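Keep the sequence and the 3D view side by side as you read.

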Amino acid sequence: EQLINVATEALAAAPEAQHRAMFLDAVRDHATELEQREAQREVRNPIIDAISPISPVIDGIAPFEEGEGHGGEPDKQLALADLPPVLHGLVAHDDAVLRLAAFKIKQSMRTSRPAEALFWPSGRPLVAQKLQEVFSKAWKLDPPNMIVYLEAGAAHPKNFATDMLIKQPQFKEWCKIALAQAQLTHIARESRRPPPASGPSKSASVETVEVPQAVVEDDEVVTVVINRMLFQKLVMVFCAILDAATLTNNWIVIDRSKGSSATAELLIEMALKQNNLSPTVLVIERRARIEQFLSDEAKAQVQAIHRLQSISKAFGDDTQQRVRVDLDALYDASEFSDGASFRNQEYVDLPLPVPPIREHITKSGVEVQVLGAKEKIKIGRKRLWMYHYTQFMFSGGTHYIFLEDSDQTFPLDALGPIGAIFAHGGTAACERMRSWLQLGKPTVMLFNSGGCTQAFASLHDAVVKRHYHDENKILGLIQLVSTERWASTFGIAEIMIMRELNLRAPVHTRKAVVSVDVIRDSAESVLQVVTNCFAAAAGDLPELGLGSAESDVVFRAWRQQEALLLNAAKQRKLANVLFYVSMLLSFLIALLATVGPMLGAGGGFGTVADALSHVPAGSEYSILGYVIVVLPLLSGIVATMTSRFRALQKWGVLRAAAFKSVTEIYKFRARVLEYDVVAPLAVNPETMEEAEGHNTQKRSTAYEARAHFVSEIQRIFSNVMDGDMNADALFFKGKLAPDGGPVDTDHSPLDKHVSDHIMHCRNFGGTKKARAALRSRYRDPSGDANEEPRSDVGAADLLSIELDNHLSPISIETYVEFRVKLLLAYYCEEGPRLSWWQAFLDMLSFLIIGLAAFFAILQMFDWVTMTVAVSSIIKNIDQHCSFGVRLTALNAAVRDIQNMMVWWDSLTVIDRRTRATKTRALMIVEAAALNEALAGTGEVASITSFSSEPSVQADERRDGQANAKKE
């Protein structure tokens, strides 16, 4: 391995000539160095023994003069097979084969970080299927929960604050702090100066130093201090973003192949230096981009990439073990922490290594020289640094993909859903941000970071949160804190975009496009908002013309569920009437069968019929005779009606269909399992084809998820109507009238129906009492349209839990608060009641059995028959009410939900908002609720054909990887 490293360095220095002298000298020098180093440990260096047999082979690598061959034989070249297998990767590569390399990025003498590289050859299209195969097989990566794209423009992060930004009201406190810092700095500087010769011998104290008024009133000093404060706060925010990405398996993607944000990349590197855990950072690089730079640093970077490629091995080739070589980072992120200089040289004095982009050329900029050009170009001072920063390969990545063709586009959408985080930004970033917002993808804007993000965040606050419609009022609330080109055109067009987005999908725009205040909000709040935004965003922007279709179809499902439940109650009532009438008739027949022989014995007759045959007509005993004849007839009629109407079986089918509909509604609203519209495509690593097993979650669009929900609701209803109910009628006369339309208010019939019949709030204090206790803690999702605007934007309103309106997509926090906890409260109240009835019937049955034994001892055999009949009736009542089965299912539900809540309380906010957590929690709760609802119906409870085990196992693997990285 050491020989290959040294040989690769030599070949990279002269990739075309490949002089054998350079090769041998490098190998011998390295061998001598190792020999001297290891002589102290008395260890024989194996490289010395390797030089002798390899030297003839190395001689054959040298180029030949025209007309000459190897060994004096013309036109005979050294074949690859003549080389040892260990050197095959140094000499020849297949241009059409994917190649992998492993290396360590050495950032200092003591620190290095492992990384992986993939070289995508020229002329080969970028296929998502092949990329997923590399990620899963070669790199052992689980599919990402979210692809995170960060955009912060090109200005140095210590130059974000402008005079216009500082004058905003929210910076008032920071200005006071900056003035205090400026005074303190001046006092400290003056205190270190020696006293004048004519002054007193005693040194002046801090209190005696006077601060000049110019220092206090100097806006430039205040701006510098605020820039430092803003830079430090942004680094803390990016640390929180990286922590969230690590814990939720979000991938940070830096796509330099088509232009990226140098500012965001520097903030990522600064945050990585302060984090113990490192997320997956995927860097897409194009070698041709670096080759455009003319500096010596860029040339050294290109040589390092050439060296890395020379030791790479073909993907799928298991005959050779990959060698992890050391690759020195040619820069350190701290070298760019100063926005004015790089390596002790001012940026204005350093020639640009590459011509600047058009958006950065400005008449008010500073003149700089471009390498290889005669004329100077004026460019913005705060963007000079990025041209020196981007001449290097990004050193903070964990996985790199090098593209060869300039027209190759990396398919990020194929890896998973994409979310973006925006800060600051100039003209180019403004165009990218505008295009991104029009797509309606998950977006987090860092308010008070300046630039175009400041304008878009204030616009979002006015249109989406405050619901303003007057253009003049909205224009007055937009915070334009820059004089760059983008600010001169920002206004009406962006208002129209934001308004159209809000009208098209108001809930999606409120949940998927959010902003946080980097001044007021803590890093913990930022972390919660970011995870909440990425977790709540259900796919991309809904299709045009959707309107309220999703809410309407959910409301229609609730109507159908109410009809099924009401008809189930009707059938249950009929079944109860027939059953208890049958039991009453059985009791009366048993009673007469017991009393009859006693009547016969008292009159000298042996049977009831003999006794009644001698009773005079019209006496009370003659009426008893008619009763004895009629009771069996009535009992037979009731038994026939029970068999004909099948009310109990119909109740079971209707109740099962009703609560299966509830399960589908919550699955659809929570967007889990087959309704997950942002789940990554499941791929079989063996065949690289879409798996067809039951444990596969297929990626769905919003339309496909809605269509699947409709088909499931239709299937449930069709099974009911094609089964036992095909000869009966279904009544639709519930409180959710078919022509009433969905009502999303606090006192709607839907809210009462769900609270009373699904959550069973009326069983423990009533609907109003149960929901009022929760309502006082959380806010209504509809918001207050008349609420006055605030002077800034923050995360406080985004962190509160919304009330459940039973129609719109539901977050995991709302699901736990307004379904799980209410169900658990009902089960805890219902359990003792069922247990009491079960114990009461058991004790009554035991008492009657004991009474039968007592009658047997007294030889009262007629009453023994009576007690046995009563005991049988009690058993039938127990079986009809299914107290035992219901109690068992209810205890199982309490067990599962209580264990789930213990697990839930142990999770961090980040862990709670992963798709795996949401899926696991919903599957446990819905399975328990469905089992409890279907207990005694004879129906099988099954919420889905999908399994959550892969997600759970993926979480465990990620936890193990995170612990390994931390160690």
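Where pLDDT is low, the predicted coordinates should not be read in detail.

## The whole protein

The average pLDDT of the protein is 77, and 72% of the residues score at least 70. Among its elements, helix α30 (residues 883–905) has the highest mean pLDDT, 94, while helix α4 (residues 88–91) has the lowest, 42. Helices (H or I, at least four residues) and strands (E, at least two) are DSSP runs, numbered from the N terminus.

## Two residues with positive phi

Most residues other than glycine have a negative phi. K140, not a glycine, has a positive phi of about 55 degrees. You will find K140 in the loop between α5 (128–138) and β3 (146–151). H424 is not a glycine either, and its phi is positive at about 50 degrees. H424 lies in the loop between β13 (418–422) and α14 (427–439).

Is each one buried or exposed? Buried means under 20% relative accessible area, exposed over 50%, and partly exposed in between (1.4 Å probe, protein chains only). K140 has 58% relative accessibility, so K140 counts as exposed. H424 is buried because its relative accessible area is 4%.

## How to read the numbers

Residues are numbered from 1 along each chain as its sequence is written, and side-chain values use heavy atoms, with hydrogens and water left out. In this predicted model, local features need pLDDT of at least 70, side-chain atom pairs count only at pLDDT 80 or more, and totals for chains, interfaces and linings use all residues.

Methods: pLDDT = per-residue confidence, 0-100.
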